[in-house]
Amino acid sequence: MTEVLDLGWLSFEQGAHLLLRRALDSLRPGEHLAVTGGDPALLPHLRAWCRNQGHHARSVEDEPGIKAHVIRGTADDDRWAGAERAGRPGPGGIAASAPRHWGLAARGALVEPGGPEAPFDLTDRDLVWAEVAPALYRHAASAQWDPETAVAWDAEFTLPGEIEHAVVQVMTYLVENEQAALVIPARLLTRIHPHFREVMQLLAVQAADEARHVEVFTRRALLRGDEMGTSSAGGRHSLATLLTEPDFSLASFLLSVLGEGTFLNLLDFLETHAPDPVTRQATALARRDEARHVAFGVAHLHHLGTVDPGLRGRLRAAIERRHDALLDTAGLNSSVFDSLVVLAAGAWTPEAISRGWQAVGRLQSEMDDGRQRRLAHLGFPADEAAELSRLHTRNFM
Ligand SMILES: [Fe+2]
Ligand SMILES: [Fe+2]
């Protein structure tokens, strides 16, 4: 028996096609559906819709209460004839290479052919991926903190002028470096095919992390005065070489593995030697975020190393290229170095300054150890890791 769909007074300008499509979905191609309804324009609209959707409609005059018969076509809609799935939704459904015509389609969506070619140039999974990316993104999203409430801005403390000055100088330096660390992932993420969405999301949160670091270090610098410290040409030269690295994996290596890896030690040092609670809290919060940034960089490079035997050669070349580019620059701002010594000294006696000097020396060798460890994890033999670590920028980032 032929099924009857009664559309009542509902017209095709008010959504009648939804009821019709639902009724046709339960039929097999070639089966009939009887349609009736009171809308005066029912028949012309029904015929036009069916033609467009690949069904056949014919009007009926000799059946009481029936206006038309619809024969279900073979395809719901010719538009979808050449459609393809953009992988499957979960991380397990990620394609090795994402075609540009998938564009901004959600992973796993049925993609109608004929759309624009998207401008993303990082379309190969291995060039951006790390297995830990989805978990790191979830962790990053849950670990966001509010600069307003996470730091006790009104904590009471008084510092001698020279110590406050040293804090302001270090904060000024940190802000400069944090701004580089914000811009680089933000630029890279616009090039990643959104099919690899967890990496895109992770880098977006990473940029948001850096935005908070810029905020808390700026606020600490201006907490007791209205003047920032100095920015050296050498420091900015060092950061400029990071900004201009076009290769995703090399940029991730130089910024996250070597630069932010080195910063983990610096932030740890500042937390330990902070002369006030605000500096201590701000550096501790930033350090926790930085550990995630380093973890992704290391995991990505490790992943890429398993599929690209030439990777270590390229990493080495990137370090050497950067070292050569910075050869005639001063590296770390000497005022920053002196400020670190003063913070670790805590007093203006020869003994205290000597202790501060030694503490900064230990910091530098801890930074070196950390870089060597990460380089060894990426497969560099110990002697080569030591040599490459020494070529790292004196600006730390
Ligand atoms: Fe940061
Ligand atoms: Fe970072």
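Predicted model: local features only at pLDDT ≥ 70, side-chain atom pairs only at ≥ 80, totals over all residues.

Biologist: Are E210 and H213 buried or exposed?

Modeller: E210 is buried, and H213 is buried too.

Biologist: Which residues coordinate the iron ion (ligand 1)?

Modeller: E178 (OE), E210 (OE), H213 (ND1) and E290 (OE) do, at 1.9 to 2.2 Å. Along the chain, the donors follow the spacing E-x31-E-x2-H-x76-E.

Biologist: Why is the arrangement around the iron ion (ligand 1) irregular?

Modeller: Because its four donor atoms subtend angles of 85 to 150 degrees. Four donors count as tetrahedral if all angles lie between 85 and 135 degrees.

Biologist: What does E210 bridge?

Modeller: E210 bridges the iron ion (ligand 1) and the iron ion (ligand 2). The two ions lie 3.5 Å apart.

Biologist: Switching topic. Where is T241 found?

Modeller: T241 is in helix 8, residues 233–243.

Biologist: Why does T241 count as buried?

Modeller: Its relative accessibility is 17%. Buried means under 20%, so T241 qualifies.

Biologist: And which backbone oxygen lies 2.5 Å from a polar atom of the T241 side chain?

Modeller: That of S238.

Biologist: What is T241 in contact with, leaving aside neighbours within four places in sequence?

Modeller: R322, A325 and L326.

Methods
Residues numbered from 1 in each chain as written. Chains lettered and ligands numbered in written order. Heavy atoms only, no water. Donors = N, O, S within 2.8 Å, 3.2 Å for Na, K, Ca; no water. Tetrahedral: all angles 85-135°; square planar, octahedral: opposite > 155°, others 65-115°. Buried < 20%, exposed > 50% of the residue type's maximum accessible area, 1.4 Å probe, protein only. Helix = DSSP H or I, 4+ residues; strand = E, 2+ residues; numbered from the N terminus. Polar contact = N/O pair within 3.5 Å; in protein donor to acceptor, adjacent residues only side chain to side chain. Contact = heavy atoms within 4.5 Å.
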